[in-house]
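Subject: Structure handover

Hello,

The structure is below, followed by notes on what was found in it. Please read the notes with the structure open.

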Amino acid sequence: MREDSAVMDARVGGFVGRAAELATLRDLVERAADGEANLVTVEGPPGSGKSMLIRQFVAERTREIVLHARADQSEIDYGYGVVEQLLARVDSGLLGKFPALRDVIEARGATFAIGEQLVLLLKELQSMAPVVIVIDDWQWSDQLSVRALGFVARRLWCERVLITLGVRYSAEALYPEQARLLGSVDRLTRIPVPPLSRGEVEALAVELGHTELPVRQLNEIHVRTGGHALYAYTLLLEDKVAWRGVSGEIAVPASLTSTIQHKLTAMPERSRALLEALAVLDDQVPLAQMAVLADVEDPVRYLQQPLNSGLLVWTPSEPTSPVRFRHAIQRDSVYQAMTPERRRQLHLRAVGLVGERAAWWHRVSAVDVVSASLAERLDDAAAREAAEGEVDLAATYLLWAAEVSGSREERERRTLMAVASFLTGRTPSRAERHREMVDSCHRSALKSAILGWYELRGGRYHTAEHHYRAILANGWAVEHGAAATLAAVGMAIIHGVRGEGRAAVEVCELVLAHETVNQQALQIARGCLAWGEAFQEGPAAGRRTLTQRKWLPSAPQDAGRADALALTFRGMFNLFAGDLAAAESDATMALSLSAHSVLPSDDELAHFTVAAAKFIAGNWQQAAVYVERATEIASTEGKAWCGAPCKALAAGIYAMRGNWALAEAELVRLRRCAQQSGPGQYVAFLATAEAVLAHARCDHVAIREALRPLIEWPDLGSGWPLILRGWWWPLHVESLIETGSLIEAEAALLAFDERVREDVPSLPVVAARLAGLLQCRRGDLKDAERTWRDALSGTEEESVNPLQLALLEQEYGRLLRTLGRRQAGTEVLRRARDRFASLGDSPFLARCDVELDDSGCVGVNRRNRKPSELTAREQEVADRVGLGMTNPEIANDLFVSAKTIEYHLSNIYSRLGLRNRRQLRDHVRELQAAADS
């Protein structure tokens, strides 16, 4: 809160008690100042005093930087509205260091991009002083702000930051996405605001000048108001004569609303006019705007009595001299006291005083009967906004149009169209808020399609399919074209999850042939069609489809904002085809475009693609960061179909680090989803991830068991087994060799055909290693030596998977020593060891060290503690210390604060038995470099 607002509030008084609640908030601020970040909710029903408590808490903050915002129900569709309020409190010079914040907010782009910038901004602010973020009426926060702040909150640990959220009623009443944020943080404190006690009511009376009230009257006020803070406050602001009866008994009005309305009757007509105008504008507005609407020439003169009555907060020192109601209940009471005709007149006059979007709300509010013409105009406005990509705003216009529709049929049609727009837009989780409205609609094709999407978002594919097939069975009739589009797109996603290529192509071709308006649906259909081709012919086919059908330019830098989704899909095709550089280039450009676009995109899949490309290329630290972001976005947006690749990759990263517990935890989640979803994407990724874990453990029997679902797939040449073939087939061949099934292994190796080798440039090294292994197991050691020697001499290290190259070197070194060439073998083993160490591959590194130790050449002066005992985040910090990075550099790389890095370092020193940074750096470098002979 600004200082002048605090002074104005102090003049009317009204805050008493709340000692325990204030003590808790003060304690949390002190903890934040010491580097213990926290999130706190202040919860209570309307008028309970939670906002007064928050204002008092903010007024006390003289040593902290306070970023304050108040969400408003009328701005729930205004993307990043809450974030913009917070940024308005930041020094403009400092804010200028983060130009991307303004750019992405103006475009209402990707929330992860805003979240990253906010984290960096908070790091700057907390270096000056502890930061207190305060958002009142959190339940009305716009969804984009909720997501961005969720990104921030989940990254707070040792930062000097306290986030305080005022919540109407309780956290249980929040929308799912807001509630998920509260459930995702490590430290959450909930402060319920109870009714005022009898003593606090007495203190409030004294605060407001009633120093000699009889005990009986104080008791009556407390009992009648139930300790409701705003009710008691409003009542006690009355003149004593106004509420004391002839007998001396207090005459308490029956409700807070009647108390406020009683105040209105005692005010001059022009004071009432100002209050009525403000109630209609329903926001904090400039005094001049309120006066024009009220038709009052001297507003300051007539503002005094509403101020003295405790109804308004006025900030005359600000440029526009803004005025607002102290509480929404007061606004509602004034609004209800107006006659319908007075409300209608003021709403119509307000149309010319506000912006275009607010004007539509006033037009709707001015209608007290159905208006087919206004509904049609709102339809047109919605169509214009949708064409500009403003899908959420278009949906809001449709909901307003539904309110003034002349028939139930039209009302339900517009309601369902609005929800359908949310589902295919940037914030599909907003559709959840309208589930009851959808359920109350009569049975229709569009309702069924929407219910199917609710099931799809929850991962209940069989139920969703039932809805979709019933709709599509009736063809593409004009009367339910929107429903058919929604059903077809949903069905295409299901076919994609299952890897059903031909079916995906067929249903997407229907969308492309019939849909002309819904650009979001067309984008999804084009992407799913390309996936359908990939499921039939391989990843390269999907890549060709996007380019040949002119849905995407060949060069990623030539793509526009509308191409983000297609670019993401092409990046995935490049990934599975083995072109890692192209995959990362496409996905990175897709994320950049998405950050500045309101159009829907699969940011989680773009992050997954970058993560997988970095993982295969050996950059496991950055891979872990990207896959974490991918998982978070998929979870936040309720995209169940995007979870499988993220969980599988996370399990693979943990497995290669030897962190078995975390790898198994990811697999448990993946198994649960696979059991629910049935054959398809989840089963394929689960089998691959389980095989990777078994390979890290050198358990070839477990590899065979893990891959059984893929081996027994009805058609190995299509669907997800084909897409993932470059990942799982080498593991299959190796498991056959190492378990003695040499005939089967030879056949499997031959099936490693030229098309796969051409698609995946690094696979020739894999094929050579497997061929040599097969030769070794047959006793053809000289042939194996020649195979591996030729493979190593003809390999360009930059073009191959470093793990596969290290495995080949390890096998070759072991064979040379077996053949009596111990010195040469040891040198090759050391190269393999160096490569494993540079990757941070704990399991293979340990086995390589054992071989070197057995040969009498100690591989490294290892300490008792192993890096696998560190957590994933601690390992990332340790790796970067080994690279010589400073704490601020590590913090920037991991999107956390330097304070958080200090916290992780203290844990690392304790776990590894080290005393300082130099010892840790040396320890990491010892693990990454070959020891002297």
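Within the largest nonpolar core, which has 170 residues, the members that touch the most others are I450, L456, W531, F576, F608 and F836. A nonpolar core here is a set of buried Ala, Val, Leu, Ile, Met, Phe, Trp, Tyr and Cys residues joined through side-chain atoms within 4.5 Å; buried means under 20% relative accessible area (1.4 Å probe, protein chains only). Helix α37 (residues 681–696) gives the most to this core, 12 residues. Helices are DSSP runs (H or I, at least four residues), numbered from the N terminus.

This is a predicted model: local features need pLDDT of at least 70, side-chain atom pairs count only at pLDDT 80 or more, and totals for chains, interfaces and linings use all residues. Residues are numbered from 1 along each chain as its sequence is written, and side-chain values use heavy atoms, without hydrogens and water.

Leaving aside neighbours within four places in sequence, F608 is in contact (heavy atoms within 4.5 Å) with M572, L575, F576, A630, P645, C646, L649, F685 and W727. Another core, of 54 residues, lies apart from the one described above; among its members are A71, A153, V185 and L591.

Helix α44 (residues 763–777) is mostly covered, with 11 of its 15 residues buried. The buried ones include R769 and G772. After α44 comes G779, which has a positive phi, near 90°.

In the pair formed by α2 (residues 19–33) and α3 (residues 50–59), E21, L22, L25, R26 and V29 of α2 meet L53, Q56 and F57 of α3.

Regards

Technical notes
Buried means under 20% relative accessible area, exposed over 50%, partly exposed in between (1.4 Å probe, protein chains only). Helices (H or I, at least four residues) and strands (E, at least two) are DSSP runs, numbered from the N terminus.
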